[in-house]
Amino acid sequence: MEKKFLIPALLLMIFLFPSCDLSGILGIRSVAFKNNSDAPVTITLGDSEFTIDAESTSPSIVPDEKAINDGEITVTLEGIYYYETSRSYSLGQNVITLNPDCYWLRLKNSTGEVIKDFSIPLSYNENSYPRATQDFAAEKVEQIAPEAEIYFPMIEQPGDNFSAQFTVGDAESTTSAGAEGITLEIGKTSYIVLEKAEENYVIVPWTEAEGDVKTGV
């Protein structure tokens with residue numbers, strides 16, 4: 001007798017609580033993804049693709065049966081703050097935080113001189129070099145004209161102190177500039193300016209650019 005009322009009771013529960021998570025009751029595991037970075041990221045899981053806005057969470061996704069049985073899913077990511085594009089996550093939680101693994105510097109050359117071969121020794125990854133746009137696929141920028149802007153991805157963990165190396169014009173020797181008052185944080189872009197003070201070069205915050213919209217997808 002009890003079995004006759006099991007399905008109607010379950011349907012009644014669905015109607016009474018349409019917003020509740022019934023995955024445990026129905027034996028289905030759904031998961032949502034949180035993008036905790038400052039720019040959109042596109043995720044691909046099986047045949048499903050979702051673009052998640054900055055600091056937003058995706059709709060709930062039901063993985064395929066194999067992933068549910070394995071208790072793990074593999075996701076492909078495309079976004080400016082996600083250098084590692086393929087990741088595996090456990091299905092033991094309803095919301096998975098993607099966690100960005102890099103950050104960017106947006107640099108303006110205010111020295112009045114042509115800057116060449118800009119580099120930051122802190123970042124040893126071969127893909128850390130100046131780019132014309134905030135995109136990992138963008139080509140390397142060999143020189144930065146006066147008042148021009150470049151983007152520089154930083155793959156390693158952030159720190160508050162760093163210095164850059166470069167050459168000025170046709171000089172053969174390398175010049176360096178230390179950073180002052182720069183805050184670096186994974187999943188964000190720091191806006192900086194390379195300036196010349198007398199015979200020295202310094203990197204300082206570029207405060208008027210902080211409201212700019214970031215790209216990436």
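Is Lys 188 buried, partly exposed or exposed? Lys 188 is partly exposed, at a relative accessible area of 28%; here buried means under 20% relative accessible area, exposed over 50%, and partly exposed in between, with a 1.4 Å probe and protein chains only.

This is a predicted model, in which local features need pLDDT of at least 70 and side-chain atom pairs count only at pLDDT 80 or more, while totals for chains, interfaces and linings use all residues. Residues are numbered from 1 along each chain as its sequence is written, and side-chain values use heavy atoms, leaving out hydrogens and water.

Let me turn to the salt bridges. With a side-chain nitrogen of Lys or Arg required within 4 Å of a carboxyl oxygen of Asp or Glu, the count is seven.

Lys 188 pairs with Asp 38, the closest N and O atoms lying 3.3 Å apart. The two residues are 150 residues apart: Lys 188 is in the loop between strands S13 and S14, and Asp 38 in the loop between strands S1 and S2. Strands are DSSP runs (E, at least two residues), numbered from the N terminus. Asp 38 is partly exposed, at 25% relative accessibility.

Next, Lys 196 bridges to Glu 113, with 3.2 Å between the closest N and O atoms. Lys 196 lies in strand S14 and Glu 113 in the loop between S8 and S9, so the pair ties together parts 83 residues apart in sequence.

Finally, strand S14 also holds Ser 190, which is buried at 9% relative accessibility. Beyond its neighbours within four places in sequence, Ser 190 has contacts (heavy atoms within 4.5 Å) that include Trp 104, Arg 106 and Ile 182.

How values were computed:
Helices (H or I, at least four residues) and strands (E, at least two) are DSSP runs, numbered from the N terminus.
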